[in-house]
Amino acid sequence: TLPEADRVDAIKSVAPTLAQNNVADALDWAQGLPDANSRQIALREVVGRWADNQPEEAVRWVLAEPEGAMRLQHVRIVAAQWLAEDPESATSWVQTLPAGPARDAAVNVVAAELSSQDPAQAVSWAESIGAPELRNGCLEDAAAAWLKTDPSAARVWLTSANLPTEAKARLLAQ
């Protein structure tokens with residue numbers, strides 16, 4: 001019964017607290033919300049807290065979700081949270097994912113996270129993304145970061161990179 005603006009804030013407060021205490025109850029509550037937007041917000045918050053506390057359990061649930069945008073969003077949330085807490089375990093998990101949209105979403109998170117720390121490694125991850133548009137965007141972001149930290153190595157890579165000619169030219173002009 002709260003106005004929508006207040007409802008969003010309330011959901012963002014309540015959902016993680018419920019998930020902290022009992023994930024199953026939090027999921028039931030979130031999935032039972034009548035408004036689709038509220039349900040999505042609540043599920044994002046629950047999955048985020050769950051991934052903080054029990055990433056392996058959150059992963060199992062997320063990967064069992066039906067294919068679609070929400071599943072991919074949840075994969076990204078779990079990957080980001082897990083990477084922040086335990087990068088080695090998170091990247092090991094991502095490597096086990098079969099090719100497809102979920103793996104691409106998780107790899108995109110890994111590459112984005114690595115771009116500022118190790119752009120060459122980010123490029124390596126980004127090259128494994130199957131979806132061409134996502135791969136190219138991720139490669140451009142990693143290459144732009146690499147050009148800032150090691151321009152000569154980045155330029156050498158760009159000469160043979162599997163990127164559209166316009167993207168290469170734009171990056172090399174930096």
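User: Among contacts in the chain between residues at least 6 apart in sequence, what percentage join residues at least 24 apart?

Analyst: This is a predicted model, so local features need pLDDT of at least 70 and side-chain atom pairs count only at pLDDT 80 or more, while totals for chains, interfaces and linings use all residues. Residues are numbered from 1 along each chain as its sequence is written, and side-chain values use heavy atoms, with hydrogens and water left out. A contact means heavy atoms within 4.5 Å. For your question, the figure is 46% of the contacts in the chain between residues at least 6 apart in sequence.

User: How many helices and strands does the chain have?

Analyst: Helices (H or I, at least four residues) and strands (E, at least two) are DSSP runs, numbered from the N terminus. This chain has eleven helices and zero strands. Reading from the N terminus, the order is α-α-α-α-α-α-α-α-α-α-α. Along its principal axes the C-alpha trace spans about 55 × 35 × 25 Å.

User: What share of the 174 residues counts as buried?

Analyst: Buried means under 20% relative accessible area, exposed over 50% and partly exposed in between, with a 1.4 Å probe and protein chains only. Here 41% of the 174 residues count as buried.

User: Which residues of helix H2 are buried, and where around the axis do they sit?

Analyst: For this we use an arc, taken from the directions from the helix axis to the C-beta atoms. In helix H2 (residues 23–31) the buried residues are Val23, Ala26, Leu27 and Ala30. They cover an arc of only 100 degrees, which puts them on the same side of H2. Their cover includes helix H1 (4–21), helix H3 (36–53) and helix H4 (55–64).

User: Which residues are buried in H10, and which are exposed?

Analyst: Ala154, Trp157 and Leu158 are buried. Seen down the axis of H10, these residues fall within an arc of 105 degrees, so they line one face of the helix. Ser152, Val156, Thr159 and Ser160 are exposed on the other side. The buried residues of H10 pack against H8, H9 and H11.

User: How should I read two packed helices? At what angle do H6 and H7 pack?

Analyst: Two packed helices are described by the angle between their axes and the distance between the axes. Axes are lines fitted to C-alpha atoms, for helices over the stretch in contact, and angles run from 0 to 180 degrees between N-to-C directions. Under 35 degrees counts as roughly parallel, over 145 as roughly antiparallel, 65 to 115 as roughly perpendicular and the rest as oblique. Helix H6 (residues 87–96) packs against H7 at about 150 degrees, with the axes 9 Å apart. The two are therefore roughly antiparallel. Thr91, Trp93 and Val94 in H6 meet Arg103, Ala106, Val107 and Val110 in H7.

User: In which hand does H6 pass H7?

Analyst: A crossing is left-handed if the near helix is turned anticlockwise from the far one by less than a right angle, and right-handed if clockwise. H6 passes H7 in a left-handed crossing.

User: How closely do the axes of H10 and H11 approach, and at what angle do they cross?

Analyst: They come within 10 Å and cross at roughly 165 degrees. That makes H10 roughly antiparallel to H11. Arg155, Leu158, Thr159 and Ser160 of H10 make the contact with Lys168, Leu171 and Leu172 of H11.
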